[in-house]
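Please brief me on this structure. Cover the surface, the sheet and the charged pairs, with cut-offs.

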Amino acid sequence: MTTIRNIGIMAHIDAGKTTTTERMLYYSGFSKHLGDVDRGNTVMDYMAQERDRGITINSAAITFHWNHHKINLIDTPGHVDFTMEVERCLRVLDGSVAVLDASAGVEAQTLTVWRQADKYSVPRIVFLNKMDKTGASVEMCLTSLRDKLHVCPLLLQLPIGKGKDFSGIIDLISLQSVQWDSGLSQDGSKCIFEKLTPKNGDLYRDALSARATLVGQLADHDEHIADLVLSEVPLEEISMEDIQAAVRRVTLSQKLVPVLCGSSLKNKGVQPLMDAVVSYLPSPKDISYGFADYYGTDLCALAFKVTHDQHRGALTFLRIYAGALQSGSTIYNINRKTTEKTSRVLQVYADELHDISQAVAGNIVAVAGLKKTFTGDTLTLNQTTAKTAAKAWEKDHQKKNPIKPHWEEMNDKDEQNHLELDMPVLAGVEVPSPVFFCSIEPPSMSHQKALDHALECLQKEDPSLKVEPNHETTLFRHVEVSSSRENPIEHLRPRHLKAIESGITSALSNGPILRFPMIHIDVALHEFSTRPGTSLAMVSACAAQCVGQAVKEAHPVLLEPMMKMEVNMTQFFK
């Protein structure tokens with residue numbers, strides 16, 4: 001597991017997340033072409049709606065290899081409308097790359113996704129993208145990181161050139177320049193490395209100054225570097241290996257946030273970013289997963305996403321924290337208290353799925369055949385495994401809180417009740433507040449079952465979706481027959497009542513204002529009379545005309561939508 005990296009790409013809208021991901025896939029050898037968002041030929045944004053709009057809607061997972069490491073990467077949306085996609089992905093990631101537009105710094109959605117990463121204590125590195133844009137500034141970005149995100153940025157690279165003249169970066173750890181020349185390779189797969197010396201003049205002096213600042217920051221947070229500095233070891237003699245190890249330690253402890261720079265669209269700086277992912281972000285071995293530790297070598301997995309494929313049916317995305325999952329095996333859902341059988345275990349490559357025989361701890365896979373599993377459910381081998389893990393957790397918890405009863409003091413019935421109330425489930429996905437509300441109804445009653453099934457599937461996929469039948473907003477249910485001694489309606493026949501209700505429904509579905517339907521209306525029938533030969537259609541028409549006239553006299557109003565907004569602004573505007 002030490003060679004596995006489960007990472008995500010997160011950012012504000014149009015900061016270059018998907019372009020950065022596409023370059024990673026290309027340089028790793030997974031993709032044979034440079035995917036372009038504007039051309040609609042990206043690997044990760046494979047949905048038609050994503051390619052048409054040039055945005056990421058659905059988080060996409062993919063697996064590739066770099067420097068003998070396996071990277072499971074998830075590209076997340078940047079729009080606030082799809083916050084839930086980011087939320088459930090960050091829940092299962094070990095590390096993340098935050099992409100910033102170097103000309104804009106920290107933006108509104110950057111704040112949102114950063115807070116989500118804070119919630120799950122995800123170690124991060126920052127990539128300043130679009131260094132080739134006019135107005136791109138490393139200093140401005142570092143200031144916005146400090147002021148808006150309240151973090152301590154650790155600058156690992158300096159840009160060479162500004163705006164259109166941006167040609168590469170200076171690695172402050174190795175003190176060498178890395179430059180990309182279109183004459184050498186159009187796709188950026190080849191670059192020129194040069195060790196900086198005093199002959200490089202200002203470039204060398206700037207690099208030495210920035211490296212001294214880097215070492216000083218590390219000395220404030222890392223004991224080994226502090227010992228070297230206190231021992232008066234010259235800065236240029238502090239080895240690259242010592243600095244890299246220290247950067248990794250402060251990144252995992254989230255004391256500092258490494259900052260790199262480049263331009264993904266111009267194919268510059270992505271390979272060093274991939275090296276940083278491998279060097280500084282954690283492996284599954286570096287992270288403690290709470291309840292998962294009590295499962296030992298037995299299976300423990302979290303369902304963080306459910307989708308419905310037209311050909312494969314329900315696909316459940318799992319992060320495996322312990323044990324192994326075999327294709328065709330039977331597993332136990334602790335949250336639903338049910339047993340299900342997996343039909344296939346699949347390795348995910350965006351919209352491509354490849355069958356594998358098993359998946360081991362630390363990996364992210366998709367599973368077909370789970371019909372009762374929802375997003376946020378914990379899965380294990382069987383109920384016995386869940387009980388064993390619960391006992392292990394309880395015994396460990398007793399050491400910290402000895403007031404609670406010991407397992408040995410419980411009888412069988414008490415033990416069973418205790419297990420059912422306190423099953424060892426992983427922390428699920430925290431559901432954010434909804435940002436959109438709407439009412440829907442089927443075009444006809446014959447489509448009601450299909451609509452109910454679709455909504456059920458959507459709720460499995462997205463736990464933020466809440467579906468509630470609202471009887472108050474129903475157009476019309478039935479007419480209230482108000483019979484009295486003065487106005488007896490004993491002769492009203494069922495067929496007449498049905499015709500009256502049909503007329504009322506017709507009138508309420510086409511209101512006097514813009515022909516919109518009307519809601520919150522009850523109808524009471526006080527008097528009814530008819531003559532022999534009057535058709536039911538005529539009864540319906542009279543009822544509709546009567547209701548329409550009554551509504552006009554009641555002066556109806558148009559209900560307009562209202563929205564609650566939250567506005568974030570910088571200190572300058574307050």
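A patch is built from residues with over 30% relative accessible area and no salt bridge; like charges are joined within 9 Å, and nonpolar side chains (Val, Leu, Ile, Met, Phe, Trp, Tyr) within 5 Å. By that rule, M563, M565, V567 and M569 make a nonpolar surface patch of about 510 Å². This is a predicted model: local features need pLDDT of at least 70, side-chain atom pairs count only at pLDDT 80 or more, and totals for chains, interfaces and linings use all residues. Residues are numbered from 1 along each chain as its sequence is written, and side-chain values use heavy atoms, with hydrogens and water left out.

**Surface patch**

- Accessible areas come from the Shrake-Rupley method with a 1.4 Å probe; for residues, only the protein chains shown count as cover.
- M563 sits in the segment after α14 (536-553).
- Helices (H or I, at least four residues) and strands (E, at least two) are DSSP runs, numbered from the N terminus.
- M563 has a relative accessible area of 69%, so it is exposed.
- The classes are buried (under 20% relative accessible area), exposed (over 50%) and partly exposed (in between), with a 1.4 Å probe and protein chains only.

**Open sheet**

- The order β7-β8-β9-β10 describes an open sheet of 4 strands with antiparallel pairing.
- Two strands pair if DSSP finds at least two bridges between them.
- β7 (157-160) and β10 (192-195) are the edge strands, each pairing on one side only.
- On average, neighbouring strands of this sheet are turned by 25° against each other, direction ignored.
- Such angles run from 0 to 180 degrees between N-to-C directions, with axes fitted as lines to C-alpha atoms (for helices, over the stretch in contact).
- β7 pairs with β8 (residues 168-171) over 4 bridges, antiparallel; Q157 stands opposite D171 in β8.
- β8 also pairs with β9 (residues 176-179) over 4 bridges, antiparallel; here I170 stands opposite S177.
- β8 and β9 form a hairpin with 4 residues between them, and L175 in the turn has a positive phi of about 55°.
- β9 and β10 run antiparallel, joined by 4 bridges; Q179 has I192 in β10 as its bridge partner.

- Q347 belongs to strand β17 (residues 344-349).
- Its relative accessibility is 7%, so Q347 counts as buried.
- The Q347 side chain makes a polar contact with the side chain of T63 (2.9 Å).
- A polar contact is a pair of N or O atoms within 3.5 Å; within protein, one must be able to donate a hydrogen and the other to accept it, and residues adjacent in sequence count only if both atoms are side-chain atoms.

**Salt bridges**

- The structure holds 8 salt bridges, each a side-chain nitrogen of Lys or Arg within 4 Å of a carboxyl oxygen of Asp or Glu.
- D101 and K133 form one of them (3.2 Å, N to O).
- D101 is in strand β4 (residues 95-101) and K133 in the loop between β5 (124-129) and α5 (138-149), 32 residues apart.
- D101 is buried at 7%, whereas K133 is partly exposed at 33%.
- R124 and D118 form a salt bridge (2.9 Å, N to O).
- R124 is buried at 6%; D118 is partly exposed at 40%.
- R336 and D377 also meet in a salt bridge (2.9 Å, N to O).
- R336 lies in the loop between β15 (330-333) and β16 (338-341), and D377 in the loop between β20 (364-368) and β21 (378-380), so the pair ties together parts 41 residues apart in sequence.
- R336 is partly exposed at 40%, and D377 is buried at 2%.
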